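Here are a few friendly notes to read beside the structure. Take them one at a time, and keep the 3D view open as you go.

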Amino acid sequence: MAVAGDEPFSPSVLGTREHWDAAYERELQTFQDIGDTGEIWFGEESMVRIIRWLEKHKVPLDSSVLDIGTGNGVLLVELAKSGYLNLTGIDYSPSAIQLSEKVREKEGMSNIKLKVEDFLAPSAELSGFDICIDKGTFDAISLDPSDAVGKRKLYVGSLCKVLKPEGFFLITSCNWTKEELLNEFREGFEILEELPTPKFCFGGRIGNSVTALVFQRKKVRPSILDKLD
């Protein structure tokens with residue numbers, strides 16, 4: 001849980017690319033050895049929660065979906081099994097993409113697009129998505145020992161570039177509270193819904209160990225120059 005200030009978290013190896021490269025190299029080797037796809041961040045219920053929201057709101061199956069920091073790609077596989085057709089996963093770790101490609105091949109989901117890409121410096125072709133999903137990537141960026149504050153701002157800027165106006169952003173976090181995420185994404189986004197997550201009780205107080213929110217990107221207002229044209 002974050003505290004007030006520009007540096008809400010202590011830097012951690014969990015915020016470094018080297019850590020994730022090594023982690024996914026191990027998971028890739030494990031998959032090749034015994035077929036284990038590896039850890040599902042926030043558990044299977046986190047994927048069910050996302051898919052239920054999409055189904056509840058009748059999001060069209062041909063909507064373009066981007067999984068930011070896809071890791072082993074299991075979320076995309078579950079979305080494909082639920083009928084979603086236009087799925088893309090990116091990760092800055094080449095080992096993660098190699099693993100997700102293996103998982104995609106095993107599951108026979110050839111329509112899932114996967115690519116090595118740093119979300120903080122997105123390519124021009126990474127744009128126009130109806131839905132963006134983040135399960136833990138913003139958390140990891142927030143732990144980066146090298147200018148986490150600046151990288152969080154880059155993240156929000158990248159999200160504005162890749163997500164269509166009025167598109168949906170679903171984020172799951174174990175580091176940030178609802179109020180803190182509202183503050184982080186106040187520029188260009190509005191909250192639509194807080195999704196139910198498991199609760200815990202400690203010392204007579206009830207809280208959530210995980211926060212799951214749905215944002216919508218605000219409409220782009222025409223500039224004065226556009227009006228003059």
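1. Which residue stands opposite leucine 66 in E2? Threonine 88 does. Before going further, please remember that this is a predicted model. E1 and E2, the two strands in question, run in the parallel sense and share 5 bridges.

2. Now look to the other side of the pairing story. E2 also pairs with strand E3 (residues 113-116), again in the parallel sense, over 4 bridges. Here threonine 88 has lysine 113 of E3 as its bridge partner. To get from E2 to E3, the chain passes through helix H4 (residues 94-107), and this β-α-β crossover is right-handed. A right-handed β-α-β unit is also made by E1, H3 and E2.

3. How enclosed is strand E2 (residues 86-91)? Of its 6 residues, 5 are buried, so the strand is largely enclosed by the rest of the structure.

4. The side chain of threonine 70 makes a polar contact of 2.8 Å with that of aspartate 67. Beyond its neighbours within four places in sequence, threonine 70 touches several residues, including Gly89, Ile90 and Asp91. Valine 116 is 46 residues away from threonine 70 in sequence, yet their C-alpha atoms are 10.0 Å apart in space.

5. Let's move to helix H6 (residues 148-162). Its 15 residues reach 21 Å from the first C-alpha to the last, close to the 21 Å expected at 1.5 Å a residue. Among the buried residues of H6 are Val149, Arg152, Tyr155 and Leu159. The buried residues of H6 pack against E1, strand E4 (129-135) and strand E5 (163-173), among other elements.

6. Finally, the aromatic rings. The structure holds 12 aromatic pairs. In one of them, the rings of tyrosine 155 and phenylalanine 169 have centres 6.4 Å apart and planes at 55°, so this pair is tilted. Tyrosine 155 belongs to helix H6 and phenylalanine 169 to strand E5, so the pair ties together parts 14 residues apart in sequence. Tyrosine 155 counts as buried at 0% relative accessibility, and phenylalanine 169 is buried with a relative accessible area of 0%. Phenylalanine 185 and phenylalanine 189 have ring centres 6.2 Å apart and planes at 90°, so that pair is edge-to-face. Both of these phenylalanines are buried too.

How values were computed
Residues are numbered from 1 along each chain as its sequence is written. This is a predicted model: local features need pLDDT of at least 70, side-chain atom pairs count only at pLDDT 80 or more; totals for chains, interfaces and linings use all residues. Side-chain values use heavy atoms; hydrogens and water are left out. Contact means heavy atoms within 4.5 Å. A polar contact is a pair of N or O atoms within 3.5 Å; within protein, one must be able to donate a hydrogen and the other to accept it, and residues adjacent in sequence count only if both atoms are side-chain atoms. Buried means under 20% relative accessible area, exposed over 50%, partly exposed in between (1.4 Å probe, protein chains only). Two strands pair if DSSP finds at least two bridges between them. A crossover is right-handed if, with the strands pointing away from the viewer, the path from the first strand over the helix to the second runs clockwise. The expected span of a helix is 1.5 Å times one less than its number of residues. Rings of Phe, Tyr and Trp (its six-membered ring) pair if their centres lie within 6.5 Å; planes under 30 degrees apart count as stacked, over 60 as edge-to-face and the rest as tilted.
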